[in-house]
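Reader: Can we walk through this protein together? I'm new to reading structures.

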Amino acid sequence: MMQNELGTAEVTAEYKYNIIGADVPDETLFKGDLLVASLSGSPRHVNSIYYYDDTGSLLFERLCGEKTYYLFRTERWILTELAKTIAGITGPVSLVELGSGNAEKTTLLIDAYVGTHGLTSYAAVDINRSILERAAENILSVSSELNFLGIVGTYQTGLAEIKSLISPKLLFCLGSTIGNMHDDELDSLLLSARSALSPGDYFLVGIDLDKETEILEAAYNNQSAILTNLCVLQHLNWRFGGDFDLFQFRHVAFHNKSLHRMESHLEAMRDQLINLDKLEFSFQLKKGEMIRTEIMRKVEINTFSEMFGRYRFKQLKYWTDLDRRYAVILFQLS
Ligand SMILES: C[S@@+](CC[C@H](N)C(=O)[O-])C[C@H]1O[C@@H](n2cnc3c(N)ncnc32)[C@H](O)[C@@H]1O
């Protein structure tokens, strides 16, 4: 695959697509001082962005295939049933996806919009360049004439890029990705989304619902979930010259019922000193101490929609699966 001097225009023998943006898209998110602060905090934690290097992205795809990870197949079921209905409600739109991953489920929406309105372009934002290349191939394999624009970047930088696309727009974010955000991160996403969109534009969100602990904990304690979590340490080692020993950590994921979320942690299996050479930062972990690596919100639909309402996103409609495990919610900016 070729890249020109602008870092754009990727062409394969079969498909033509365009991916823009630098490989390290947002200095502020990967900036070491934020990491040092979060690793020094109480509880120690890291931003979940460190899940998504090339290996982490592949492991996430593997997680989606795990029997107990109901989120992927449940959302796919809802979209299979309802993509055409959603296309009917919004009418013709520019489609923009945040955190597209490999865009496998997105093909269902693309199919519905191409079939109903003759959609000609789709833009995807993701922090990981290689997963955007896979997204392009997935999307173009179902609709080879579509213009695919990939934007390597954070949600914020991506939203700034898509401002100029023609409205009406349908912004969407699948995979319960929004569930990984803390309140302040969700606030800033909604603020940026509002300024990237025009009144009348849509925001479609797939989000996991709160449910029995047993089902939730099984989803996040399978082999792929364990590997994905440990991979965060490998990412930190690579990016910051770290010396985390992956064999000295244990994956821990539990349902935090009072905060309505699952949490993933890595627990130190012995006392150890960690060095991150590129940051000139060291810290001591005691046996049993944990580093929180991710939160996964498990929401109640009305409470969740109220957060969107504060930013003038009005809930138009929502759909769930028959067991009410997962919801896809359509908002419109007023
Ligand atoms: C939970 S996965 C969901 C992938 C896909 N939407 C799905 O439903 O299968 C989250 C995706 O968002 C991307 N991502 C995570 N944090 C991001 C950020 N701050 N900015 C842009 N993309 C991000 C990851 O690379 C990953 O592909």
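Author: We'll start with the domains, then go inside. Keep in mind that this is a predicted model.

Reader: Okay. Which domains is the chain divided into?

Author: There are domain 1 (10-26 + 92-211 + 299-333) and domain 2 (32-57 + 213-297). Their C-alpha centres lie 27 Å apart.

Reader: How many residues are in contact between domain 1 and domain 2?

Author: On the domain 1 side, 20 residues are in contact with 19 residues of domain 2.

Reader: And what area is buried between domain 1 and domain 2?

Author: About 1600 Å². Carbon and sulfur atoms give 46% of that area.

Reader: Why give an area for an interface?

Author: The size of an interface is often given as the accessible area lost when the parts come together.

Reader: How many salt bridges does the rule find across the interface of domain 1 and domain 2?

Author: One. The rule also finds 12 residue pairs in polar contact across this interface.

Reader: Which helices each supply at least two residues of the domain 1 side?

Author: Helix H5 (129-142) and helix H7 (183-196). H7 gives the largest share of that side, with three residues.

Reader: Which residue forms a salt bridge with Arg297?

Author: Asp183 does. The closest N and O atoms of Asp183 and Arg297 are 2.6 Å apart.

Reader: New topic. Where is Ser176?

Author: Ser176 sits in the loop between strand E7 (169-173) and H7.

Reader: Is Ser176 buried or exposed?

Author: Ser176 is buried. Its relative accessible area is 6%, and the cut-off for buried is under 20%.

Reader: What does Ser176 touch?

Author: Leaving out residues up to four places away in sequence, Ser176 touches Leu71, Gly206, Ile207, Asp208, Arg297 and Tyr326. Arg297 is the partner of Asp183 in the salt bridge.

Reader: Now the inside. How many residues are in the largest nonpolar core?

Author: It has 48 residues. Leu95, Tyr113, Tyr122, Phe148, Leu170 and Leu204 have the most contacts inside it. Helix H3 (residues 70-90) gives the most to this core, nine residues.

Reader: Where does this core lie, and why?

Author: It lies between domain 1 and domain 2, because both give residues to it.

Reader: Pick Leu170. What is it in contact with?

Author: Beyond its neighbours within four places in sequence, its contacts include Thr90, Val93, Leu95, Tyr113, Leu204 and Leu330.

Reader: How many residues does the second, separate core have?

Author: That core has 32 residues, among them Ala196, Leu209, Met307 and Ile329.

Terms used. Residues numbered from 1 in each chain as written. Predicted model: local features only at pLDDT ≥ 70, side-chain atom pairs only at ≥ 80, totals over all residues. Heavy atoms only, no water. Core = buried A, V, L, I, M, F, W, Y, C linked by side-chain atoms within 4.5 Å. Buried < 20%, exposed > 50% of the residue type's maximum accessible area, 1.4 Å probe, protein only. Helix = DSSP H or I, 4+ residues; strand = E, 2+ residues; numbered from the N terminus. Domains from an automatic or database assignment. Contact = heavy atoms within 4.5 Å. Buried area = accessible area lost by both parts, 1.4 Å probe. Salt bridge = Lys/Arg side-chain N within 4 Å of Asp/Glu carboxyl O. Polar contact = N/O pair within 3.5 Å; in protein donor to acceptor, adjacent residues only side chain to side chain.
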